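Welcome to this guided tour. Please open your viewer, and we will go from stop to stop together.

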Amino acid sequence: MPTDLEKYLNDRRKELDVESPDDQLIWEGIRQGLQGSRSSSRKRRQWIRIRNMAAAIIIVISVGYMIVDLIGDRRPAVSITLSDIDRNLGVREQEYRKIVSFKEQEVSAFNSTDNMIIAELFEEIRKLDTIYAETLKDLNELGYNEQVIQTIFDTYEKKIYLLELIILENNKIKNHENEENLFL
Amino acid sequence: MEETIHINRRVIEKCLEGDIKAQYQLYQQYAKAMFNIAIRFLNNKMDAEDILQESFVTAFSRLEELQNRDLFGSWLKRIVINNCISLHRKRKIKFEEIDEQMHDAADEIESGIPEIDPALVHTAIRELPAKGRTVLVLRALEEYSHKEIAGMLDISVSTSKTQYSRALTLLNRKLKGKIDAD
């Protein structure tokens with residue numbers, strides 16, 4: 001005789017389908033699979049994800065630079081920080097820095113050479129750091145400029161996102177290892 | 001339902017002719033359900049996406065082997081499940097015999113399951129240990145008999161029943177925990 005839980009599972013079976021696949025990537029993989037491509041489907045999907053993310057970052061930052069170049073009134077270099085411009089901006093930057101620092105500590109133990117995805121993500125972070133350094137130079141040259149400030153915060157957010165992806169990827173690897181050893 | 005079957009027959013005929021739009025139509029019709037089956041088996045989105053992709057490639061490549069075109073959904077589901085089990089085997093998750101004493105756990109199931117959000121139930125299923133989760137999904141959601149499950153996982157019927165009742169108990173506990181937490 002079925003329990004109440006079994007009855008629930010049976011009656012509401014279709015409602016349990018709550019997750020959705022990434023249709024665009026899966027369909028692309030299916031088409032390539034049908035055409036006989038033998039490269040790893042997962043690596044290809046992950047690479048496309050990273051490539052799309054990197055492209056989005058570059059577009060956002062490039063647009064920021066273009067706008068700065070177009071409207072920017074280049075002034076002599078003055079050493080300033082966000083907190084010099086506005087106390088709230090300084091506080092906001094400090095909060096981002098704390099999160100970045102916390103997550104950097106977490107990922108510092110990971111070995112990037114063991115995993116292609118993690119290595120690629122670290123490489124994207126390195127590029128972001130370069131962009132961040134360049135943007136800081138702009139801040140010193142231009143002083144207060146909303147586009148530059150937005151770009152600085154964008155780089156923090158993207159960096160946090162990339163660090164989270166690294167942590168997720170590492171957790172996934174650990175979960176696989178744990179699951180292999182897990183017995184009822 | 002009858003209409004869906006007729007539509008599927010036509011779409012499958014077109015797929016056999018290599019019509020990409022028809023293939024995509026079938027993909028859209030079944031992808032979400034198949035993805036959720038895979039993710040409940042594997043508890044990992046990327047693995048589930050791999051299985052989904054491989055299963056559709058297999059299905060489209062071997063479509064001419066499908067005798068009864070009305071059964072495309074069941075046939076595809078079996079491909080997905082077989083691929084999930086193969087992945088478990090590759091990862092050396094063995095569904096070996098377990099201690100009969102563990103069977104007592106089934107007695108702990110309480111009656112009176114309240115109205116629970118299906119998303120919570122889905123998450124709780126994903127959190128179950130791999131072996132119990134596999135048997136529970138096959139039995140409770142995909143409605144295979146213990147005899148069929150035993151054959152698929154290469155275990156005894158008794159082990160299938162034991163794993164199932166234990167998984168059901170664990171799921172019950174998890175759901176009670178989630179409800180109490182809310």
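Let us begin with a buried residue. Select Glu124(A): its relative accessible area is 10%, so Glu124(A) is buried (buried means under 20% relative accessible area, exposed over 50% and partly exposed in between, with a 1.4 Å probe and protein chains only). Its partner is Lys127(A), and the two form a salt bridge with the closest N and O atoms 3.6 Å apart (a salt bridge is a side-chain nitrogen of Lys or Arg within 4 Å of a carboxyl oxygen of Asp or Glu). Lys127(A) has a relative accessible area of 38%, so this residue is partly exposed. Both Glu124(A) and Lys127(A) belong to helix H6 (residues 116-142) of chain A, where they are three residues apart, about one turn of the helix. Helices (H or I, at least four residues) and strands (E, at least two) are DSSP runs, numbered from the N terminus.

A word on what you are looking at: this is a predicted model, in which local features need pLDDT of at least 70 and side-chain atom pairs count only at pLDDT 80 or more, while totals for chains, interfaces and linings use all residues. Residues are numbered from 1 along each chain as its sequence is written, chains are lettered from A and ligands numbered from 1 in the order in which they are written, and side-chain values use heavy atoms, with hydrogens and water left out.

**Next stop: a bridge between two helices of chain A**

Select Glu164(A) and Lys103(A). These two form a salt bridge, and their closest N and O atoms are 3.5 Å apart. The pair links distant parts of the chain, 61 residues apart: Glu164(A) sits in helix H7 (residues 146-181) of chain A and Lys103(A) in helix H5 (residues 87-107) of chain A. Is each one buried or partly exposed? Glu164(A) is partly exposed, with a relative accessible area of 33%, whereas Lys103(A) is buried, at 14%.

**Aromatic rings**

Over all chains, the count comes to 10 aromatic pairs (rings of Phe, Tyr and Trp, the last by its six-membered ring, pair if their centres lie within 6.5 Å; planes under 30 degrees apart count as stacked, over 60 as edge-to-face and the rest as tilted). Show Tyr96(A) and Phe153(A): this pair is tilted, with 5.5 Å centre to centre and 35° between the planes. Here too, distant parts of the chain are linked, with Tyr96(A) in helix H5 of chain A and Phe153(A) in helix H7 of chain A, 57 residues apart. Both Tyr96(A) and Phe153(A) are buried.

**Over to chain B**

Colour chain B by its elements: you will find eight helices and zero strands. Of its 182 residues, 53% count as buried. For a local detail, pick Glu65(B) and Arg62(B), whose side chains meet in a salt bridge (3.2 Å, N to O). Glu65(B) counts as partly exposed at 45% relative accessibility, and Arg62(B) does too, at 41%.

**Last stop: where the chains meet**

Show both chains together. The contact (heavy atoms within 4.5 Å) takes 62 residues from chain B and 40 residues from chain A. How many salt bridges are there between chain B and chain A? The count is three. One to select is the pair Asp17(A) and Arg40(B), whose side chains meet at 2.9 Å, N to O. On the side of chain B that touches chain A, the elements giving two or more residues are helices H2 (20-42), H3 (45-61), H5 (118-126), H6 (130-141) and H8 (157-181) of chain B. H2(B) gives the most, with 13 residues.

Now widen the selection to Arg13(A), Asp17(A), Arg40(B), Lys77(B) and Glu142(B), which are linked in a network of salt bridges. To finish, select Trp27(A), Tyr24(B), Tyr27(B), Phe56(B) and Phe60(B): they form one aromatic cluster.
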